[in-house]
Each structure stands twice: as structure tokens, then as C-alpha cells.
Amino acid sequence: MLDRHQGGERVVLAALDLGDPDFAESTSELRLLAQGAGLDIRGEVQGKRSRPDAALFVGSGKADEIAALVAATDAEVVIFNHELSPAQERNLERRLHCRVIDRVSLILDIFARRARSAEGKLQVELAQLQHLSTRLVRGWTHLERQRGGVGMRGPGEKQLETDRRLIGIRVKALRERLAKLGKQRRTQRRSRSRHRVLSVALVGYTNAGKSTLFNALTHAGTYAADQLFATLDTTTRKIFLPRLADGEAPSSGEVVLSDTVGFITRLPHDLVAAFRATLEATAEADLLLHVIDASSPVRERQIEAVDQVLHEIGADAVPQLRVYNKLDLTAAAPGVGRDEYGRLQSVYVSAQTGAGLELLRDALSETLLAARETGASETPSPSTVHSA
């Protein structure tokens with residue numbers, strides 16, 4: 001048995017190529033995640049296998065290579081770009097003599113650092129506890145100690161069982177509080193629906209520029225930075241679209257615009273489940289603005305990752321308008337894309353410089369008018385990826 005090693009800021013990154021086409025992109029993301037968490041990256045080890053090792057995930061030789069790098073760089077933590085089992089974490093910590101965490105734990109830690117609202121903190125805590133509950137397996141010596149003392153003789157209750165029971169109680173309390181907040185949010189949405197206020201949600205891969213675009217459209221002043229998961233809490237503001245007010249159907253021209261958390265490949269399922277109440281706003285929106293980094297060479301895989309998460313939360317049937325952002329980093333000019341029937345499919349803008357924002361406002365008005373007149377079910381689905 002061992003006591004778990006303490007964490008730290010000096011880290012070594014480890015990634016294993018298992019034949020995935022997005023290996024290079026995923027490894028680069030791990031580096032950005034570690035940098036965004038303020039960690040001191042002391043080194044990086046990569047390897048290639050046909051399948052993970054059951055005990056160490058990496059082979060014994062690669063584990064020794066990582067151990068040597070940890071010792072040489074005085075690293076305190078090894079972060080794997082994969083989801084490790086509790087047994088693999090425990091075996092690796094024995095072998096490497098330092099703390100070992102996986103990609104899921106790193107993302108959860110970043111969310112814990114960045115959450116600002118009370119609901120966001122509750123959601124992150126729920127995800128962390130759900131993840132931790134799978135790790136309470138002979139990883140800590142105190143978890144095997146039985147409680148004793150006067151009146152407690154006999155088998156007693158192992159600390160492991162106590163921890164599991166306490167985590168279960170806390171998880172139940174968090175779910176109840178989040179359910180209450182979700183009910184309040186649904187009441188607010190019903191109120192907007194009665195007043196015929198349309199809702200638009202910004203979705204997209206993390207660091208695609210959603211918050212910058214949100215600020216440009218609403219002047220909200222939401223925090224935006226060139227880092228993964230810069231903002232987590234959903235922010236909602238109203239914008240005015242004159243063309244909606246001028247339509248035949250009664251409307252004030254006001255639209256509720258929501259900025260949501262960014263997505264990423266292999267987003268932890270516990271995190272998706274914990275944020276489900278917040279992401280309900282996405283599933284119930286009248287339109288999704290799918291913000292895409294036009295300068296990214298892997299934007300097609302990023303689009304697939306976003307569509308996958310939208311499917312998981314039941315928002316894949318909501319009409320989409322694709323917004324190719326960051327034109328200032330490409331040679332492309334602002335514009336719109338239409339299908340062979342003349343229906344809007346995409347808009348090309350730069351939220352940083354403001355280029356194309358008026359085109360986006362017009363596209364929003366046109367798409368929402370079409371949805372209001374013909375029904376959201378007839379609104380065209382997004383086309384294949386356009387070259388930016």
C-alpha cells in the first residue's frame with residue numbers, strides 16, 4: 001500500500017499514439033491545457049503502441065523512460081493525455097514515484113480554477129466528486145484503516161466505505177441544488193417564450209473565439225483570452241435586430257444571445273453530465289451559432305467534436321448557422337456561404353477586428369425570420385465544411 005504523492009506545479013507530459021488520426025492535435029491540446037493551468041512543463045514523453053498496457057497503460061520500458069525524465073527534471077506530477085483506470089494510476093505512481101493524473105483530471109482542475117458563478121462551481125464540484133468516486137480503490141493507505149475506539153470495536157466501517165458514503169451524500173445534495181437552479185432557468189425560458197423572444201446560443205470548440213464574438217455583438221465585456229476554456233459560466237445578453245421587428249409576425253426585434261462553455265475532443269462525460277442543466281439552454285435555443293476557428297488546420301475534426309457533444313446533450317436537431325471566425329489570421333475576406341437553393345449556410349467574420357459583423361447580424365435576422373415563418377424543422381442543416 002502507498003500514500004498518494006502530493007501534487008505540484010512541475011509536470012511531465014506523456015502521450016501514447018494508439019493509431020488515432022488526431023494524435024498530434026490532441027497532444028498539442030494537452031500542452032495548451034497544461035500551460036493554461038499555469039503548470040511548469042519540464043518535459044514530454046511520447047510513445048506508440050497498438051493497444052494500452054493493462055497495468056501501466058504504457059509499456060514497462062516507456063514507464064522507465066518517464067521515470068528517468070521525472071528524476072532528471074525534478075518533476076512532481078506526470079500528466080497522461082489519456083483516461084487512466086484507477087489501477088493504472090496506482091501502478092504508475094508506484095513506478096514513477098510521483099503523482100500521476102490523466103487528461104480528465106487536468107480538465108476538471110482547469111474548470112475548478114475558472115468557474116466563477118455559484119452554479120458553475122457546483123457543477124464542477126459534482127463532476128470532480130463523480131470522477132473521484134471511481135478512484136477510491138486502494139490508492140490511499142488511510143482508506144483501508146478501520147475505525148476503532150470505545151464503542152467501535154469489531155469490524156467497524158472502513159475509511160474507504162465512509163468516504164464513498166460521504167461522497168454519495170454530497171453528490172445527492174449537489175444534484176438537488178442543480179436541479180432547483182435548472183428549474184428556475186426553465187421558468188425564465190418559458191417567460192421569454194411567452195413574450196416571443198427568440199434565443200440564440202453560441203457553441204463551438206474551445207478557443208474558437210466565442211466570447212470575443214459575444215462581446216463584439218453585445219458589448220458585454222465577458223472575459224476572453226487566447227487559451228483553452230477561458231470562460232466557463234454561461235452569459236446571456238439581449239441584442240436588437242431591426243429586421244425582426246419589421247417582420248409581419250409580432251416581434252420586438254430582441255434576441256437573447258447566450259455564450260456557452262467550449263467543447264473539446266474527449267470532453268469528460270462527468271463534466272458533460274454535470275453541465276447538462278446549463279447546456280439545456282443550447283438544446284432549447286431557436287438557433288445555434290456554431291463558431292469555428294477558420295485559421296485552424298484541423299477545423300474539420302473540431303467541427304465533428306462539437307457535433308458529437310451536441311448530439312450527447314440532445315441539441316443536434318437545433319438549426320445551425322456556422323460562423324467561421326478569425327479571418328484576420330487568414331487571407332479570406334468577410335462573406336456568406338449559401339447552398340444551391342440560396343439558403344444561408346455560413347458566415348465569415350473576424351470578431352477581433354469587427355470585419356463581417358454586419359453580415360452576421362443580417363444573416364441572423366434572415367435565418368430567424370425563415371425559422372419563424374416556416375418552422376425550425378424546415379430550417380436547413382449545416383452543409384459540409386467550407387474552405388476558409
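Is aspartate 74 buried, exposed or partly exposed? This is a predicted model, so keep that in mind throughout. Aspartate 74 is partly exposed, because its relative accessible area is 48%, and exposed would need over 50%. In the chain, aspartate 74 sits in the loop that runs between α2, residues 60-73, and β3, residues 77-80. Its backbone is worth a look: phi of aspartate 74 is near 60 degrees, a positive value in a residue that is not glycine.

Now to lysine 326. Here too phi is positive, at about 65 degrees, and the residue is not a glycine. Lysine 326 belongs to the loop between β9, residues 320-325, and β10, residues 335-338. Which side of the burial cut-off does lysine 326 fall on? Lysine 326 counts as buried, because its relative accessibility is 15% and the limit for buried is under 20%.

Next, a pair of helices. The two are α1, residues 23-36, and α4, residues 103-114. Their axes come within 10 Å and cross at roughly 35 degrees. As for the hand, the crossing of α1 and α4 is left-handed.

Which residues meet there? From α1 we have Ser26, Glu29, Leu30, Leu33, Ala34 and Gly36. On the α4 side, they meet Arg103, Leu106, Ile107, Ile110 and Arg114. Sorted by class, the contact of α1 with α4 holds six nonpolar, two polar and three charged residues. Glu29 in α1 and both Arg103 and Arg114 in α4 are the charged ones.

Technical notes: Residues numbered from 1 in each chain as written. Predicted model: local features only at pLDDT ≥ 70, side-chain atom pairs only at ≥ 80, totals over all residues. Heavy atoms only, no water. Axes fitted to C-alpha atoms, helices over the stretch in contact; angles between N-to-C directions. Helix = DSSP H or I, 4+ residues; strand = E, 2+ residues; numbered from the N terminus. Left-handed = near helix turned anticlockwise from the far one by under 90°. Contact = heavy atoms within 4.5 Å. Buried < 20%, exposed > 50% of the residue type's maximum accessible area, 1.4 Å probe, protein only.
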